[in-house]
Amino acid sequence: MSSDRQPETGRNRPAAVIVLAAGAGTRMKSSRPKILHEIAGRSLIDHALRAAAGLAPERLAVVVRHQRDAVVEHLAAVAPQALIVDQDEVPGTGRAVEVAMDALGDVEGTVVVTYGDVPLLSTDLLGELVAAQHPGGVTLLTAELEDPGAYGRVLRAADGSVDGIVEYKDATEAQRAVREVNSGIYAFDAALLRRVLPQLSTENAQREKYLTDVIGLARAEGVTVTALTCPDRWQLEGVNDRVQLAALGAELNRRTVEAWMRAGVTVTDPATTWIGQDVELAPDVTVLPGTQLHGRTAVAAGATVGPDTTLTDVVIEAGATVIRTHGSGARIGPGATVGPFAYLRPGTDLGADGKIGTFVETKNAAIGAGSKVPHLSYVGDATIGTNSNIGAASVFVNYDGVHKHHTTIGSDVRMGSDNMYVAPVTVGDGAYSGAGTVIRKDVPAGALAINVAPQRNLDGWVTTNRAGTAAAAAAERASGSGETNDSTTTDRPTAESDPS
């Protein structure tokens, strides 16, 4: 279920949000920037920016460096309102915020600092952080972890207030035993940042300007430093490698599936169901095991999807059924049926109560209400009217090696099995065709199209040419029993596949 929210207003609206996205993400071992990797159909940075934008900040800045051009191109698509800030050669999160503050100019009020790799962070939690900030001070998000790992540790004063933060590499053994960790997400007073950021140094284990050092500098000034402890650690989890990417993706999907079930959707096996953030599902939709719904797929009330179905940007209307199907960019009308083992390519539009059946592929095909393509067929670049039936094993021959061409089939048409439609060609309303017909020219309304030659049977061919085979022996037995084969046949040109 999409986590998009209306922007916050009033006291929870910060002056600016700074999203740090300059890191190389080397542990991903990828040619793609870490923040452009995706879960639930959105990049990590897209998730982070949506959470930030939900606060309706006066300014939104993103600090970039690693593979800058690729990141900036993506930001232009997902957050065109964001101010792009380039980090210089000086490393560290403190320096990243410093260059962002320089770019933002004379902002006044609260500045939120977050990251481009925390995809489960919500607008609601950021709003709580802003609301908890003491005027003129600092508030940080923290979490209590059983295994704090390499996170920076939160150091508390005797009165319980935040005394400082120590990075893991700089911490003593006693400090590493602390279980409260710093998420790296803060709400700062803008004036405080402008005063203390120039005081940061690189005299530490990593030779970086640590943003965490702002806490000690603020305390030295007597500024109030508070912490908001988040019980939901997943919202603070960042992605450093593909193991964490998968774990966060699975957790986000679990929450999404659960939210849809609480909204009235039946999901029979949540463990094997994947639903993207932009998918929309109506109450009383049923999603069967092994189903993946991506992009802007929308499913209306009473429809059933699955099992073993993958759909991207597919619209399914009320009461339709889609079984064991792979599809993208398609529309399925109300009461229609698709599958099993169908392949819907972009431009497929199936009308109400229509059918795309077993082992059928469609592309750029408008199939009218009540029309059926039941079996083993390819329908590409075609328009089919209402209540027509396309026989099994039919192919719409749409490509001449250079150009694509269109086929038009009328309404109430009955087409025989194993037909080839060599486009461009038109079949009129109410027409029929025989099995095995190659339709190279238009068929008038109400006409019967056939082009098969009369069948010839060569009696005795098997016993003469395949002597000694099992087939020859069977033929000889049949001949001895008095069975005969009539060598004269009658064409049955209207034979078609079962339309059911």
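1. R68 is partly exposed in this predicted model, at 32% relative accessibility. Its salt-bridge partner is D69, with an N to O separation of 3.6 Å. D69 itself counts as exposed, because its relative accessibility of 59% lies over the 50% cut-off.

2. A salt bridge also joins R156 and E180, whose closest N and O atoms are 2.7 Å apart. This pair links distant parts of the chain: R156 belongs to strand β8 (residues 153-156) and E180 to strand β10 (residues 180-189), 24 residues apart. R156 is partly exposed, with a relative accessible area of 37%, whereas E180 is buried at 7%.

3. The side chains of R195 and E221 form a salt bridge at 2.8 Å, N to O. R195 is in helix α6 (residues 190-196) and E221 is in the loop between α7 (213-220) and β11 (225-229), so the contact ties together parts 26 residues apart in sequence. Both residues are partly exposed: R195 has a relative accessible area of 40%, and E221 has 38%.

4. Beyond these pairs, a network of salt bridges links D232, E251, R254, R255, E258 and R262. The count of salt bridges in the model comes to 27.

5. L376 is located in the loop between β29 (372-375) and β30 (378-384). With a relative accessible area of 52%, L376 is exposed.

Note on methods: Residues numbered from 1 in each chain as written. Predicted model: local features only at pLDDT ≥ 70, side-chain atom pairs only at ≥ 80, totals over all residues. Heavy atoms only, no water. Helix = DSSP H or I, 4+ residues; strand = E, 2+ residues; numbered from the N terminus. Buried < 20%, exposed > 50% of the residue type's maximum accessible area, 1.4 Å probe, protein only. Salt bridge = Lys/Arg side-chain N within 4 Å of Asp/Glu carboxyl O.
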